[in-house]
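Please look over the model below with me. My notes follow as numbered points.

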Amino acid sequence: MVRDSTLTVSILKEEREVRPNGCWLPNSTHIVIHSEDRRCLGEMYLTDYLHWKRPSLRTYRYAVAGDSLACQYGLKLVDVTIPAIRELDVSKWKDQYVEFLYASQNGKKIYFQRIKRTWDEKELCVYDMDTDSVRVLIHEVDKPFFDYVLAQVFFLNDGKEIVYRSERTGFGHFY
């Protein structure tokens, strides 16, 4: 992920520093960007008692339990030679979470994870630039939900081997 550059944006009349969430693909002219669309979410309020002299009201967009709408996640691919930005078709479930994990050394394959909103089903997928297709490598169901803190994925030999933590037996194991 890009960690060294920052942007200053105005969020709800407040200047904040945010970091772009993207990765320049190795040996490539492409950038993959993890996008989050929070425009459909309702506002959440909190009182900032640590503000200068008087408390101030802070507002941000947040989905609470029972909301019919949630943050929409996706992956975008930027081609710097054209230049063009296109949305990758990584959708499967309504209101899923998508996370970029790894890019192959030749920049032709993008590995990502998509997680159902209920956090009980997830898939490890690969997007192939040559065929413009998404293939599911691992499909995992864990009831009532999986522990996302312990979820770990390691890529070896440029994605030819994957070490993946799962609790499909009721206990945490690496496969």
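1. The side chains of Glu 121 and His 139 make a polar contact of 3.0 Å. A polar contact is a pair of N or O atoms within 3.5 Å; within protein, one must be able to donate a hydrogen and the other to accept it, and residues adjacent in sequence count only if both atoms are side-chain atoms. Glu 121 belongs to strand β11 (residues 121-128). Its relative accessible area is 14%, so Glu 121 is buried (buried is under 20% relative accessible area, exposed over 50%, partly exposed in between, with a 1.4 Å probe and protein chains only). Neighbours within four places in sequence aside, Glu 121 touches Trp 93, Arg 114, Ile 115, Lys 116, His 139, Glu 140 and Val 141; contact means heavy atoms within 4.5 Å.

2. A word on the basis. This is a predicted model, where local features need pLDDT of at least 70 and side-chain atom pairs count only at pLDDT 80 or more, while totals for chains, interfaces and linings use all residues. Residues are numbered from 1 along each chain as its sequence is written, and side-chain values use heavy atoms, with hydrogens and water left out.

3. The protein has 0 helices and 15 strands. Both are DSSP runs numbered from the N terminus: helices are H or I, at least four residues, and strands are E, at least two. Of the 175 residues, 31% are buried. Among contacts between residues at least 6 apart in sequence, 39% join residues at least 24 apart.

4. Which residues does Arg 114 reach through polar contacts of its side chain? One is Glu 123, side chain to side chain, at 2.8 Å. Another is Val 90, whose backbone oxygen lies 2.8 Å from a polar atom of the Arg 114 side chain. Arg 114 sits in strand β10 (residues 109-115). Its relative accessibility is 6%, so Arg 114 counts as buried. Arg 114 also stands opposite Glu 123 in β11.

5. Strand β10 is largely enclosed by the rest of the structure, because 6 of its 7 residues are buried. β10 pairs antiparallel with β11 over 7 bridges. Strands pair if DSSP finds at least two bridges between them. Strand β9 (residues 97-103) is joined to β10 by 6 bridges, also antiparallel. Here Tyr 102 has Tyr 111 as its bridge partner.

6. β13 pairs with β14 (residues 161-166) over 4 bridges, with Val 153 opposite Tyr 164.

7. The largest cavity holds about 70 Å³. A cavity is a set of points on a 1 Å grid over the protein atoms alone where a 1.4 Å probe fits but cannot get out, and lining residues have an atom within 4 Å of a point. The volume is the space filled by probe spheres set on the points, which are joined across faces, edges and corners. Its lining includes Lys 122, Glu 140, Asp 142 and Arg 165. By class, the lining has 2 nonpolar, 1 polar and 6 charged residues (Ala, Val, Leu, Ile, Met, Phe, Trp, Tyr, Cys and Pro count as nonpolar, Asp, Glu, Lys and Arg as charged, the others, Gly among them, as polar).

Key:
1 Å grid on protein atoms, 1.4 Å probe; cavity = no way out; pocket = protein on both sides within 12 Å on 5 of 7 lines; lining within 4 Å.
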